[in-house]
Amino acid sequence: MQRVLITGGLGQVGSYLVDALYEEAQISVLDNYSSTTREAVPQGVNVIKGDVRDRIAADLVEQNDIVIHTAAQISVTASMEDPLFDAQSNVFGTLNLLEAARRSSVSRFIYISSAAVYGDPVSVPVAESHPQEPLSPYGVSKLSGEKYCMMYHKAFGLPSCCIRPFNIYSPRQDPGNPYSGVISRFIEKAKAGEGPVIFGDGTQTRDFISVHDIVDIIMLLLKKEDACGHVFNAGTGNSITVNELASLVLEIFDADVAVQYMPERPGDIKYSCSDISKARTILGFEPKVSLREGLMEFTE
Ligand code: UD2
């Protein structure tokens, strides 16, 4: 059985990865319990409380065959308030793991970057070659993590690869987190019989991808030898407006409430949509969960 280390294994992406892999691999989870909505892990999964910057993280890398690095400081807003903390977690944390991976014999190092590396897109859909001009310390730290992964591949032969997810959603996105995504917020409001709050005029677009499709693309990164040394967009290739999203949520939750409009959020990007041709061609990736299906999961 392969030994897989999942950093951030109690978080949104990590916890679904644990579910997808625990029957076929020996899983270790490293998590600092900063953002978890999961109460119990499947039997046999070894959970270690710790930080990616710590010595324990490096030791764990050396004890495993595969590293899937999902742990991160995940908030754009928090990164604006505390860029040093953001860089410590996302840059030094990643480098700590990469250094340990360089000394050991991991067969795959998978890094979760972000579409935040693109900043405000100059055109959509956004392919991987689009200019990378991040607008936040978070975008810079994620780009930096990617660059280290690619550099370790080129210089040291580390079998690393990265994805740039667009807007991920799932029922396990921490609803208590003030930086939680728009889908979680709209659903919380709808369940409470309140109207969703839209920042701006609601014509901004986003490419919402179910966490199940993110798990699928990571599984492909594990299987495909060609993936190493590459960065892939992880989106659906489709986008909708925030107004359309609000209507869909209200319809699914049968909520007869009025939408409220508030001033645009500073720094918000207007249009976002992925071009996933590269992942389709090299990995054979095809997103499977429609937004309606993905939202229905929140009603279960
Ligand atoms: C996403 C990521 C972020 C980063 C960024 C890169 C999430 C949760 N965040 O930020 O980590 O990668 O993309 O560009 O995936 N909105 C409302 N009402 C609300 C909440 C949000 O109208 O109650 C709007 C918000 O102003 C924005 C859109 O919905 O225009 C999406 O907001 P978000 O916070 O879900 O995600 P985003 O795209 O800002």
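Me: What are the domains into which the chain is divided?

Reply: Domain 1 covers 2-167 + 209-234, and domain 2 covers 171-207 + 238-299. Such bounds come from an automatic or database domain assignment. This is a predicted model, where local features need pLDDT of at least 70, side-chain atom pairs count only at pLDDT 80 or more, and totals for chains, interfaces and linings use all residues. Residues are numbered from 1 along each chain as its sequence is written, and side-chain values use heavy atoms, with hydrogens and water left out.

Me: How many residues of domain 1 and of domain 2 are in contact?

Reply: 38 residues of domain 1 are in contact with 28 residues of domain 2. Contact means heavy atoms within 4.5 Å. The domain centres, taken over C-alpha atoms, are 23 Å apart.

Me: What is the area buried between domain 1 and domain 2?

Reply: About 2800 Å², with 58% given by carbon and sulfur atoms. Buried area is the accessible area (1.4 Å probe) that two parts lose on being put together, summed over both.

Me: What makes the pair Asp19 and Arg172 a salt bridge?

Reply: The term requires a side-chain nitrogen of Lys or Arg within 4 Å of a carboxyl oxygen of Asp or Glu. The side chains of Asp19 and Arg172 meet at 2.8 Å, N to O. That is within 4 Å, so the pair is a salt bridge. The count between domain 1 and domain 2 is two salt bridges. The structure holds 14 salt bridges. Asp19 lies in helix α1 and Arg172 in the loop between β7 (167-169) and α6 (182-191), so this pair ties together parts 153 residues apart in sequence. Helices (H or I, at least four residues) and strands (E, at least two) are DSSP runs, numbered from the N terminus.

Me: Why is Asp19 called partly exposed?

Reply: Buried means under 20% relative accessible area, exposed over 50%, and partly exposed in between (1.4 Å probe, protein chains only). Asp19 has 29% relative accessibility, so it falls in between.

Me: Why does Asp254 count as exposed?

Reply: Its relative accessibility is 71%, so Asp254 is over the 50% cut-off. Asp254 is found in the loop between α8 (242-252) and β13 (260-262). It has a positive phi of about 50° although it is not a glycine.

Me: How do you know that Arg292 and Glu251 meet in a salt bridge?

Reply: The N to O distance is 2.9 Å. That is within 4 Å, so the pair qualifies. Arg292 lies in helix α10 (residues 291-296) and Glu251 in helix α8, so the pair ties together parts 41 residues apart in sequence. Arg292 is partly exposed, at 40% relative accessible area.
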